[in-house]
Amino acid sequence: MKGGQAIIRSLLDQGADTVFGYPGGQLLPLYDMLYDSELKHILVRHEQCAAHAADGYARASGRVGVCIATSGPGATNLVTGIATAYMDSSPIVAIAGQVPTHLIGNDAFQEVDMIGITMPITKHSFQPADASEIPAMVRASFHIAKTGRPGPVVIDLPKDIQEQEVQDPLDELDLQGYRPTLRGHPLQIKRAAELIRRSEKPVILAGGGVIISGASKEIMELSELIKAPVTTTLLGKGSFPEDHPSAMGMLGMHGRKVANLTVDECDCLIAVGCRFSDRTTGNVAEFAPNARIIHVDIDPAEIGKNVAVDVPIVGDARNVLRELIEKLKKHGERDDEWLRGVQKFRTDCMPRMSYDEVPLKPQQVIKEISQVLDDETVVTTDVGQNQMWMAHFYTSRAPRKFISSGGLGTMGFGFPAAIGAKVALPENDVVAVCGDGGFLMVCQDLATIREYDIPVVICVMDNRHLGMVAQWQRLFYDERMSHTHLGEVPDFVKLAESFGIEAERVEKPGETSEALSRAIRSGEPALLDIVIDPEEILPMVPPGCGLTEIVGEYRVEREDPQEIRYSGVKADGD
């Protein structure tokens, strides 16, 4: 068995069934061996899409996604996708071709120091010096990628090692120092339980770690036990069903008003599996000013990094929550006055979703999308206004069904992530909601979904602008619209049709739901060009401001307009 065959066999042994890749000179031996293998390979049209597809595969399924690219520019084209996975704790293994070992360091054709380039954005990197190391190296890569706080691992694979015969393969690699803490410290859990017991206004903040850990059931149980409302980060969306009366939706810069003002009011914040990013907290000095903070996270580096906490607990979210719940069950029934007040405030803050205007309002579009999709549909988003509109207005009821680029904010993520999600979960409907700007960065992979018959539906929110940048220009730069208009080309329907993709344009209320239903029922790849109002903005908290300082809200009327007051905090504009 040669090194390339060992790679393929080891991937299959680790449960990988599909890889997303793009061949090149330094990977010719491996690709020649793939020709006769049972490992499914999907040829993307750009290596960045391979990384995002592997990421979408991982987030949708909970399994490790795999991408492959050749050396030099092929490998560097993976970097954005690797960084995206790193920021969002997504388990992928990226295999990059490398020049033969005797040429490494000589600036050979298409040589780059892939390990050096990706060191800050990976959990670990490997470069085999002998083919005998490969089986153990692949096993170690999968173990590192999916355990503890998940993340990407790079295997830098020299060409000659792919062709070398495997002699006496290593059984295991010694991963010195890699010992993730999975169980919380009993004393810290006891302190957290006591703090919660004494609190009168508790709030739970669920992050992406809740989904990774599979702790949604425990979050629900904790919420019901301590009578606490639940808010989420962007990556935590879906960890708690958003149609539940205690769900407040997303917190932060583009979060729901009920979430922002309730966190500002709470006296105990139980944060689970989140990193308190600036988009979640706003001005840290003003974040949850009345609250004692409990922070549960498997990565000790995240605790206290951005926000000072009162009770830090290092451990897996599900393990910690189970022990915390057991301790809290020993206490009597809690009063639910706080929760009932928040639930009423939530109802008062429900945003208006129904509009008859043309061009279409994004709220109306998302309302119609929501009417069509079921709880098993996987929704991916791109980055920008389309992403925040979906995060803000779309109701997600289950984990791993809302996939978006959070930490890196990668334009072009949504469509290839949908490809990976559909490959991972072929029985589920998959819909990608993209901005026109982000979709144009990756539209060449329409060829991929056509050639491989991957029936994802792409909803392009077409406002002919780089919407989020344009929103900031309108709000903060005196409407000086510098280079954010995309122009009038392409015609997205004709573009899709040139790839053999069914497409139609949506321009009026009611058409989105009808067109999306047809597209899903067809079982074929499809694109909807949804023409929306380029002037529409989303309420937001300006950078450097506290979570209660919401601007732009005059644009969003309410289904039942009324003056909104809550616990002495005035709503914006009062």
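The predicted model exposes about 22400 Å² of surface, and carbon and sulfur atoms supply 48% of that area. Of the 574 residues of the protein, 60% count as buried. The C-alpha trace spans about 75 × 60 × 40 Å along its principal axes. A compact globule of 574 residues would have a radius of gyration near 25 Å, and the protein, with 24 Å, therefore agrees with that expectation.

The secondary structure consists of 23 helices and 20 strands. Among contacts with a separation of 6 or more, 75% are accounted for by residues 24 or more positions apart.

T512 lies in helix α23, which covers residues 511–522. T512 counts as buried because its relative accessible area is 0%, under the 20% limit. Leaving aside neighbours within four places in sequence, the contacts of T512 are L360, V365, E368, I369, V506, L528 and I530. One of these residues, L360, is 152 residues away from T512 in sequence, whereas the C-alpha atoms of the pair are 9.8 Å apart in space.

T381 belongs to strand β13, made up of residues 378–381. The relative accessibility of T381 is 0%, so this residue counts as buried. With neighbours within four places in sequence left aside, T381 is in contact with N386, Q387, M390, F402, I403, S404, F413, G414 and V433. The C-alpha atoms of T381 and A391 are separated by 9.0 Å, and the two residues are ten residues apart along the chain.

Helix α21 runs over residues 467–476, and its buried residues are G467, M468, A470, Q471, Q473 and R474. In general, an α-helix has 3.6 residues a turn, so residues three or four places apart point the same way. The cover over the buried residues of α21 includes helix α17, residues 385–393. After α21 comes D478, which has a positive phi near 55°.

Two cis peptide bonds are described here, each with a proline as the second residue. In the bond that joins V358 and P359, omega is about 5°. P359 is placed in the loop between α15 (337–348) and α16 (362–372). In the bond that joins V489 and P490, omega is about 0°. P490 is placed in the loop between α21 and α22 (492–498).

For S89, phi is near 55°. This serine sits in the loop between α5 (79–87) and β4 (92–98). S89 counts as buried because its relative accessibility is 10%, which is under 20%. For F276, phi is about 50°, again positive in a residue that is not a glycine. F276 is found in the loop between β10 (268–272) and α13 (278–281). At 2% relative accessibility, F276 therefore counts as buried.

A search of the whole structure finds two cavities of 30 Å³ or more. The second largest cavity contains about 60 Å³ of space. The lining of this cavity is formed by D374, D375, T377, V379, Y394, T395, S396, R397, A398 and K401. By class, this lining has three nonpolar, three polar and four charged residues. V379, one of the lining residues, falls within the range of strand β13, residues 378–381, the strand in which T381 is found.

Note on methods. Residues are numbered from 1 along each chain as its sequence is written. This is a predicted model: local features need pLDDT of at least 70, side-chain atom pairs count only at pLDDT 80 or more; totals for chains, interfaces and linings use all residues. Side-chain values use heavy atoms; hydrogens and water are left out. On a 1 Å grid over the protein atoms alone, a cavity is a set of points where a 1.4 Å probe fits but cannot get out, and a pocket is an open set with protein on both sides within 12 Å along at least five of seven lines; lining residues have an atom within 4 Å of a point. Grid points are joined across faces, edges and corners, and a volume is the space filled by probe spheres set on the points. Ala, Val, Leu, Ile, Met, Phe, Trp, Tyr, Cys and Pro count as nonpolar, Asp, Glu, Lys and Arg as charged, and the others, Gly among them, as polar. Helices (H or I, at least four residues) and strands (E, at least two) are DSSP runs, numbered from the N terminus. The radius of gyration is taken over C-alpha atoms; the globule rule is 2.2 Å times the number of residues to the power 0.38. Buried means under 20% relative accessible area, exposed over 50%, partly exposed in between (1.4 Å probe, protein chains only). Contact means heavy atoms within 4.5 Å. Accessible areas come from the Shrake-Rupley method with a 1.4 Å probe; for residues, only the protein chains shown count as cover.
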